[in-house]
Amino acid sequence: MPRGGGLMAPGARLLFLLAVWTLAVLARRGAGKAGDGGWQRPGPGAPAALAEEQRCAVERRADLSYSEFVQQYVRPLALATPPTPHYAFSRPVILQGLTDNSRFRALCSRERLLASFGDSVVRLSTANTYSYRKVDLPFQEYVEHLLYPQDPTSLGNDTLYFFGDNNFSEWASLFQHYSPPPFSLLGTTTAYSFGIAGAGSGVPFHWHGPGFSEVIYGRKRWFLYPPEKTPEFHPNKTTLAWLQDMYPTLAPSARPLECTVQAGEQVLYFPDRWWHATLNLDTSVFISTFLS
């Protein structure tokens, strides 16, 4: 065949297609690594129960104004003396498009956080309802040795979890880049609670004041009950154990409101005194804004 015929020999064509396929796979892997901030590491897989709910039962709202938020989701009940509002909230809501935290997200990659805070001492809590035990250790040690998928057989007081006990002065250089939801409530102040936890980890049912929760990397599944409906759970069993053992036995009318919050696209508003449990479906980085 003439050299200028433009046709490729079968062997050369096969090598060419193999090279194109290899480059495409590498590109996808690179994109995935950048997309998860480097937090999804090779190793033992996550428990099989880590899946999103069949249908999100929490309302999603985009372009919600502050007045609409107050009118539709906030209901002041009474005023104490001195006047501090006591709120009851009609229901949770997922708010979309409120802020752009892409800069904060970039700073929360595994590489950047280890470079900035690897030597900082962080306080870990046990993953049970009342967080009885606290353990202090360097952030790098937590990330490299304790950030692994949850063992379904472990009890909550045997599972250490980084969330809530932040040294705000030491982490101020990070928090200053976070843009919280622009909705505040009369008589409340805001406080951040930053965390990183492995797949299958989470906190079993508990309640406290209102606030917002945003996932920076990963996914977090929420289970919520109104204040008057106390869930059936053991305070020292993990959310994963509850999901595997108790959840399948619940009648449809007894099941909680559920939804999985995705990274970088939405913020969950959790109401005052609502029972809630959380389950990280991936290794997750997240931040809550408490209205206290």
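This is a predicted model: local features need pLDDT of at least 70, side-chain atom pairs count only at pLDDT 80 or more; totals for chains, interfaces and linings use all residues.
**Entry 1: the whole chain**

I started with contacts (heavy atoms within 4.5 Å). Among contacts between residues at least 6 apart in sequence, 83% join residues at least 24 apart. My residue numbers run from 1 along each chain as its sequence is written, and side-chain values use heavy atoms, with hydrogens and water left out.

Next I looked up the secondary structure, and I found seven helices and 14 strands. These are DSSP runs numbered from the N terminus, with helices being H or I of at least four residues and strands being E of at least two. I then checked burial, where buried means under 20% relative accessible area, exposed over 50%, and partly exposed in between (1.4 Å probe, protein chains only). Of the 292 residues in the protein, 45% are buried. The accessible surface is about 15200 Å², and carbon and sulfur atoms hold 55% of that. Such areas come from the Shrake-Rupley method with a 1.4 Å probe, and for residues only the protein chains shown count as cover.

**Entry 2: the disulfide**

How many disulfides does the structure hold? I found one, taking a disulfide as a pair of cysteine sulfur atoms within 2.5 Å. C56 and C259 form the disulfide, with 1.9 Å from S to S. The pair links distant parts of the chain, 203 residues apart: C56 sits in the loop between α1 (10–35) and β1 (60–62), and C259 in strand β11 (residues 257–262). The torsion about their S-S bond is about -105 degrees, so I noted the disulfide as left-handed.

Are these cysteines buried or exposed? C56 is buried at 18% relative accessible area, and C259 is buried at 1%. I also looked up C108, which is buried with a relative accessible area of 0%.

I then listed what C259 touches, leaving out residues up to four places away in sequence: E53, C56, V58, R60, I94, K220, R221 and W222. E52 is 207 residues from C259 in sequence, yet their C-alpha atoms are 7.6 Å apart in space.

**Entry 3: the sheet with β11**

I followed β11 into its sheet, which is open and has three strands in the order β11-β10-β13, paired antiparallel. The edges are β11 and β13 (275–280), each with a single partner strand, so one side of each has no neighbour in the sheet. Neighbouring strands here are turned by 20 degrees against each other on average, direction ignored; the axes are lines fitted to C-alpha atoms, for helices over the stretch in contact, and angles run from 0 to 180 degrees between N-to-C directions.

Strands pair if DSSP finds at least two bridges between them. I found six bridges between β10 (residues 219–225) and β11, and F223 stands opposite E258 in β11. Six bridges also join β10 and β13 in the antiparallel sense, with H276 of β13 as the bridge partner of L224.

Which residues of β13 point which way? W275, A277 and L279 point one way, H276, T278 and N280 the other, and all are buried. Six of the six residues of β13 are buried, so this strand is largely enclosed by the rest of the structure.

**Entry 4: back to the loop**

Last, I looked up D36, in the loop between α1 and β1. D36 counts as buried, at 18% relative accessibility. Its side chain reaches the backbone nitrogen of G38 at 2.7 Å.

Definitions and conventions
A polar contact is a pair of N or O atoms within 3.5 Å; within protein, one must be able to donate a hydrogen and the other to accept it, and residues adjacent in sequence count only if both atoms are side-chain atoms.
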